[in-house]
Amino acid sequence: MFGDDLKKSLEPIQASDELLAKTRLAIEKARLEQAAQTMRAKKKSRSLSMIWKIGVPVACTALLVGGAVLLLPKLNHKDATKEVTFSVHGTKEDVSDIDLYEDSNFTAATDNREESVYETTVPEAETTISHSKQAGFDKAEESFSPMAVDVDGMWTNATEQHFDLTRIYFGKYVLCIAEDGKSLELHDAKTDALISEDENLEIPQIRNLPEDRFIYALVYEKENGSLMITTADSIHPLDVTILDFYMCTCTYENGRLICDEPNYITSSGI
Amino acid sequence: MAMNDETNNLGGAILDVEELFRLYGDDVLRMCNVYLRKQSLAEDAFQDVFVKVMTRSGSYRGDSDVKYWLLSIARNVCLDYLKSAYMKRTSFMGDLLDKTKPTSEEKKRIKPLPGNPVEDRMIERLDDSNPLLSAVQDLPAKYKDVILLRFYFDMDNAAIAQQLGITESTVRSRLMRARTKLKDFWKEGE
């Protein structure tokens with residue numbers, strides 16, 4: 001039989017123990033290499049999974065933070081623009097907030113708007129200051145004298161220079177209110193020395209001045225020579241509640257001061 | 001010896017290399033020897049076959065006999081060896097040796113020096129003491145397939161067709177042609 005002959009011819013070929021040992025060694029080596037490859041593949045897949053687990057949230061967070069960083073300045077700019085727009089249409093009470101605008105870091109366009117606000121609102125609120133800046137102090141004093149009372153009870157104007165209503169100059173003399181507020185005195189204009197009354201100098205005096213009244217102020221109109229004497233119920237300006245007005249004529253010519261007796265005109269409450 | 005019925009019970013079992021050595025070791029080595037002609041190459045292929053079997057044991061589905069699975073791996077490994085550049089070079093040298101093959105009278109006069117491995121190999125090559133094996137080794141691979149499976153592993157035509165992925169008629173025609181080539185070793189009446 002052909003098959004039997006073939007088997008007999010192949011029968012001498014047998015796997016020796018040496019060949020089997022070599023084969024076992026090769027198998028173990030291949031298994032080790034396979035295990036190492038599997039470990040490398042697992043490490044790679046683990047690192048990839050770590051990238052997906054950690055990298056993606058970190059990337060998303062970075063995107064959110066980056067977007068916020070980019071968007072917040074734009075939102076702030078929009079708010080600032082709204083504020084400026086409100087100021088443009090606001091009343092003059094908004095002028096008190098000008099310092100806020102000057103300290104802000106706005107863009108050039110915003111600064112232009114800010115300047116327009118300043119230019120349109122400031123003249124309405126502080127007309128006198130603008131006028132004094134343009135015309136100078138002397139002209140302002142002539143045209144406008146806002147009055148105020150300082151801590152010493154003296155009248156002052158808005159430029160903080162004393163404007164004395166207690167003195168009226170007649171040449172080398174000055175008519176002023178006595179310290180007790182009950183009479184008028186004449187002093188030398190240079191030395192401020194008290195000058196007694198003589199035939200050439202007639203000092204106006206209010207007769208029958210009540211005890212609770214004090215001479216408060218003097219106003220003289222040179223054109224018609226009329227002198228208005230104001231009395232008050234207190235010597236201190238801040239405590240005045242009632243004012244009485246007296247009127248007389250005073251003329252000063254050739255070193256002579258001639259005044260008639262003051263007449264009571266009216267009174268008013270404060 | 002050819003695989004016995006004991007091997008059929010291994011289907012689906014966990015593969016043990018020592019058990020595979022015991023059951024199929026010699027058969028795999030003989031199959032490799034038939035395909036590759038040289039004992040040294042056959043031993044290298046033997047190692048590769050079992051390395052593949054053990055490292056790819058996960059690919060064995062267990063739905064077929066482990067014998068057929070092992071034989072298909074051994075056949076593929078041997079065909080890969082034959083396709084390799086090394087085999088093409090050695091085949092060229094083998095052809096030269098075949099052309100210079102001495103006659104039977106010349107063989108009797110050759111007395112090689114002992115201990116020379118090169119000469120040992122040449123003697124191994126020149127040793128035609130087993131003419132049937134040499135004749136089968138000289139067959140083309142497609143005829144070796146059917147001859148080995150049919151007459152060594154005692155498989156029927158249907159099993160051979162399934163193992164090789166060809167039709168039964170192809171198996172029959174290949175067997176006929178192989179038989180024609182091996183007609184000198186065919187006894188009358190077979």
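The following paragraphs cover a cavity and several salt bridges in a predicted model. Residues are numbered from 1 along each chain as its sequence is written, and chains are lettered from A in the order in which they are written. Local features need pLDDT of at least 70, side-chain atom pairs count only at pLDDT 80 or more, totals for chains, interfaces and linings use all residues, and side-chain values use heavy atoms, without hydrogens and water.

The structure holds two cavities of 30 Å³ or more (a cavity is a set of points on a 1 Å grid over the protein atoms alone where a 1.4 Å probe fits but cannot get out; lining residues have an atom within 4 Å of a point). The largest cavity has a volume of about 40 Å³, the space filled by probe spheres set on the points. Its lining includes B:Met31, B:Tyr35, B:Arg75 and B:Asp145. Domain 1 (13–83) and domain 3 (130–190) of chain B both contribute to this lining, so the largest cavity lies between them; the bounds come from an automatic or database domain assignment.

Over all chains there are 12 salt bridges (a side-chain nitrogen of Lys or Arg within 4 Å of a carboxyl oxygen of Asp or Glu). In chain A, A:Asp192 pairs with A:Arg167 at 3.4 Å between the closest N and O atoms. A:Asp192 lies in the loop between strand E5 (184–188) and strand E6 (194–195), and A:Arg167 in strand E3 (residues 167–170), so the pair ties together parts 25 residues apart in sequence; strands are DSSP runs of E, at least two residues, numbered from the N terminus. A salt-bridge network also links A:Asp212, A:Arg213 and A:Asp244.

Methods
1 Å grid on protein atoms, 1.4 Å probe; cavity = no way out; pocket = protein on both sides within 12 Å on 5 of 7 lines; lining within 4 Å. Helix = DSSP H or I, 4+ residues; strand = E, 2+ residues; numbered from the N terminus.
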